[in-house]
Amino acid sequence: MADISLIIPFHNRKELLPRLFEGIRRIEDCEVEVIFVDNNSEVSTRTVVQDFINEPHTPNLTFKLLTELKAGSAAARNTGLDAAVGEYVYFFDSDDELTPSMLPAALDKARKEGADIVAVQINHAWDNGKIKPRRMTHSADPRLHIVANNFATQSLFLRREFVIEHGRWDENLYYWNDFELALRLLLAKPRIVWIEGTYHKIFRHNQSITGDSFAKRVDNILAAHNAVEKDIINLCCPPDIQRRLIRALNCRKALYAGHIHHEKTNLHAASIIYNSINREAMDFFDHLRLPLLYRLSAWGVRGVYRMV
């Protein structure tokens, strides 16, 4: 059995793969099975991946090349997860740059601490050379994650049996599926630890699924918020905890409605998100707080989430 299964879906963008390949080549000090999942790519992209797999590699690396026809990264990641045999799994994106030293460091931390999750700090990078650490707080509080997107895909180094039992990716979500999965895992009350250092270059570019415009993704945002609300209701038994987390989700909706308003491209979309707030969970202070969060975000004030 491998120590780690590194699961990487890909859909075209073959010109971005070499920087990923270079990081994989330099992985040392742990046994890693690299699972590529072709998610409806052109033949030429699959050929580039197969050629890389066919290269001579060090004995600690093994490879699988799978196919998933259902569109979306969630389905492709589940296909990779089903085929994985590693003690731990780590999901990565094909257009980003892997820091090879992170994997043995996370593995060592996970085994020493008996962790279900090792949380990983990552960098955002832009094509102009700008690099900025992604905001992350050392907290497993689901409320903080709801408000501040504390965990992204590459932030989660996971014990495989744990993620299978409590997770798997929601294949109905095209956007923010990592946000929803992380919440589900946090609600399972995992043993979570943090690894020192900041790793990887997670690129923000015009081909990125995440993108920079929220207004263009209103339906996907609504779907993600609806899935999260169902998770809270179905997985949180105590009513007081449910209410606390629904109120946090309301704050998140107000913040993102404000972000969309600030984009000034689709004010109707901002209204849709704001009107999706769960009014039944609001208290007196929410009637004051939510409009304020919306307005400050609409004005472009940074760090408004800290007021929640």
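In the predicted model, L156 is in contact with V89, Y90, I117, V118, F151 and A182, when neighbours within four places in sequence are left aside. L156 lies in strand β7, which spans residues 156-159. The relative accessibility of L156 is 4%, and because the cut-off for a buried residue is under 20%, L156 counts as buried. G258, by comparison, is 102 residues from L156 in sequence, and the C-alpha atoms of the two residues are 28 Å apart in space.

Strand β7 pairs with strand β4 (residues 88-91) in the antiparallel sense, over 3 bridges. Within this pairing, V89 stands opposite L158 of β7. Strand β7 also pairs with strand β5 (residues 117-126), again in the antiparallel sense and over 3 bridges. Here the bridge partner of A119 is L156 in β7. In a regular strand, the side chains alternate between the two faces of the sheet.

Strand β5 also holds H124. With a relative accessible area of 17%, H124 is buried, because this value falls under the 20% cut-off. Residues up to four places away in sequence not counted, H124 touches K130, I131, K132, R134, I202 and R204.

Helix α3 (residues 73-83) is largely enclosed by the rest of the structure, because 9 of its 11 residues are buried. The buried residues of α3 are S73, A74, A75, A76, R77, N78, T79, G80 and L81. The elements that cover them include the strands β1 (4-10), β2 (32-38), β3 (61-67) and β4, together with the helices α6 (160-166) and α7.

At 3% relative accessibility, N177 counts as buried, since the value is under 20%. Leaving aside neighbours within four places in sequence, N177 is in contact with S73, A74, R77, W169 and D170. Of these, R77 also takes part in a polar contact, in which the side chain of N177 and the side chain of R77 are 3.1 Å apart. S73, A74 and R77 are among the buried residues of α3.

Helix α7 also packs with helix α8 (residues 218-235), the two axes coming within 10 Å and crossing at roughly 10°. Because angles under 35 degrees count as roughly parallel, α7 is roughly parallel to α8. On the α7 side, the residues that meet α8 are F179, E180, L183, R184 and L187. Their counterparts in α8 are A227, V228, D231, I232 and L235.

A further helix pair is formed by α9 (residues 239-263) and α11 (residues 284-298), which pack at an angle of about 30° with their axes 6 Å apart. This angle is also under 35 degrees, and α9 and α11 are therefore roughly parallel to each other. Their crossing is right-handed. In α9, the residues that meet α11 are R247, N250, C251, A254, L255, A257, G258, H259, H261 and H262.

Methods: Residues numbered from 1 in each chain as written. Predicted model: local features only at pLDDT ≥ 70, side-chain atom pairs only at ≥ 80, totals over all residues. Heavy atoms only, no water. Helix = DSSP H or I, 4+ residues; strand = E, 2+ residues; numbered from the N terminus. Buried < 20%, exposed > 50% of the residue type's maximum accessible area, 1.4 Å probe, protein only. Contact = heavy atoms within 4.5 Å. Pairing = 2+ DSSP bridges. Polar contact = N/O pair within 3.5 Å; in protein donor to acceptor, adjacent residues only side chain to side chain. Axes fitted to C-alpha atoms, helices over the stretch in contact; angles between N-to-C directions. Parallel < 35°, antiparallel > 145°, perpendicular 65-115°, else oblique. Left-handed = near helix turned anticlockwise from the far one by under 90°.
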